[in-house]
Amino acid sequence: MDRIEASHYRDLAGAEEPRLSPDDERVAFVRTEPEDDETVGATVHLAELAGDGARQFTASDGSDSQPRWRPDGTHLAFSSTRGEGERPQLWLLPTDGGEARQLTRVVGGVSDLEWSPDSTRLAFTQRVTAEDREEGRDLEADPDYEREPPDPRVIDRTVYRAHREYADGRRRHVYVVDVEAALDDDRKEAITRITDGDRDYAAPTWGDSGTLYYASKHRDADDPDDSIRHEIYDHDLGGEPSALTETTGWEVSLEATTDGRVAYTYTPEERATMRQTELRVHHPDGEETTPTEAVDRTLAVGFEWGPEEDRLYFGTPDEGSVVLRSVPGDASAKPRTVVDGTTLESFSVGTNAVATVESEWDHPGDVFVSTPGGAERRRLTRINREYLDGRAVSEPEEVWVEGEAGPIQGWVLTPPDFDPDREYPLVVEIHGGPHAQWTTGGSTWHEFQTLAARGYVVFWSNPRGSTGYGEDHAMAIDRDWGAITFADVIAGTEEIASREYVDEDEQYVTGGSFGGFMTAWAVGHTDRFRAAVAQRGVYDLTGFYGSTDAFKLVEGDFDTTPWEDPELLWTQSPVANADDVETPTLLLHSDRDYRTPANTAELFYLGLKKSGTDTRLVRYPREGHELSRSGEPGHVVDRIERIARWFDGYSERREVPPALERDPEAGLSGVGETGSDDEDGENETDE
């Protein structure tokens, strides 16, 4: 059978954002697929619950997202960049066929789409400047208008950039569009600005058809960027908004019922970055319940009310899976599991069905459907059938290893045509977060399968600090990211390396974000690894604190700042041991990564260069922190190929020199015509 290669990323499609139709007969979802080395196409597809497979519903023109069924079932709203460059606009398409109609032409793009229950209006948010609002460009903008970047850029906010962008005076505000008025091409009059001012608003959700709820950082906060306190507003659109309740958390999400119950996310304020996120419900009589309190798991992949508005559905990480649960909103019973044993990525709840997007070891993501209780689960799509047929996909083995403080869950992936009488090199993968978990599916599927196909045994685990095992497990790395996680990772590595089919002399390590931190920490504290690849990591906690949009992570996890305890943050930084590193270490980073900015990678790289360690720094233009998950296809391929090429160069099993001694493009398919995976024997798996 053919083996999986890094370049095959160009052939893989994905599924996102399932939405059940009001009659529970169809699921709309977004299908993503690389178009070329710089572009990923996204179109809305429909799958019949009574059928098999899916058909394309929106035209392949621009990037489509956020499909939302009109409650009366007659139309599907979605956002799209068709004809608008990078600014997504709101479009409406009849569900019985016809042409899509554009409803908005706003300067800030549209996101957070939600229909009013009576099908007449759509709420959305966009990011705009005060000047945009003064000039009315947030209501209707000239299609040719382009905002000039400030020169110079004057910064007054604490958090002035995030994701891949600078804020540049933009604030997120809530809007409502009257659909029929917009269809009559009276766009400017059809849109109502709901919020205004120098604040960000988020998570608009309808109660009844005349009431919106949304959230904003607390008005009493001295610096909203330095606060995790939020006010939730109740806005009768015929009057003024009023404060309904308060919550805390890095971000806030809301879902309301037509009778005025508002579910919202809540994370305890004290050491919030290590704490679990719960669901709270504000009832019309002022009572508040916490229906998720009985589950020692944090929230993941969203939540929503069921069609009867009596139960909440929500996802949580759970011992290497992401499961779907439901619970009465009044907390009158404990949560029950609806879908488990899989990696749930998103879901939609209908009257008689629940649609989900799930991934597992044998596929990178498809649409499934079951009853609201979780019975009669079926797979509706096989969007990568053509690619997977005839392709060797390895099945991971679940393992539990004994760590310093108890058992740690992990997985082992062996090469296709695995022979237990042979020896294979070992790659240890470390996840990001640090408060996250790995599964056997998700965004790592292609990378892990590619490394296994190239002849590596791959091991990954969820050490202390991970979610999915309860709050105590996540909080175990309090003020100590390095040593505690390292102990668990090494415990697992030693156990897997002791297997007869693993060559103990050929061990490699890699990881991204916090995994990049831990990769750098590992090579500063052990020589067991022949080579390492640290990706988009944090290498100096003080430098990270001063440049990231997530400085609260340092305050929450370490309970300090650089001014209060600089010595702790230095000793907890991998760069403190850069002069001790002998392991050849490749650094991969993105130029527009504002979550873990490149300045700390530059410092670690310089330390390695000064100490004479084999190293290279590769930086990806235009990319942010999500490179491995949603970067340009050519860059995604290049990243995986560089990881494998770096490891291959230090292996006695590969007849290739180290990457530093090769032609810069040799063995890379994503950067030019020079070299394929099979050149110079790079795909040889033994001897």
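**View 1. Asp186 in the loop between α2 and α3.** Asp186 is found in the loop that runs between α2 (179-183) and α3 (187-190); helices (H or I, at least four residues) and strands (E, at least two) are DSSP runs, numbered from the N terminus. This is a predicted model, in which local features need pLDDT of at least 70, side-chain atom pairs count only at pLDDT 80 or more, and totals for chains, interfaces and linings use all residues. Residues are numbered from 1 along each chain as its sequence is written, and side-chain values use heavy atoms, with hydrogens and water left out. Asp186 has a relative accessible area of 35%, so it is partly exposed (buried means under 20%, exposed over 50%, partly exposed in between; 1.4 Å probe, protein chains only).

**View 2. Ala190 in helix α3.** Ala190 lies in helix α3 and counts as buried because its relative accessibility is 4%. Between the C-alpha atoms of Ala190 and Arg121 the distance is 9.5 Å, while 69 residues separate the two in sequence.

View 3. Helix α5 covers residues 445-453, and nine of its nine residues are buried, so the helix is largely enclosed by the rest of the structure. Among these buried residues are Trp445, Phe448 and Leu451.

View 4. Glu397 has Val412 in β34 as its bridge partner.

Methods: Two strands pair if DSSP finds at least two bridges between them.
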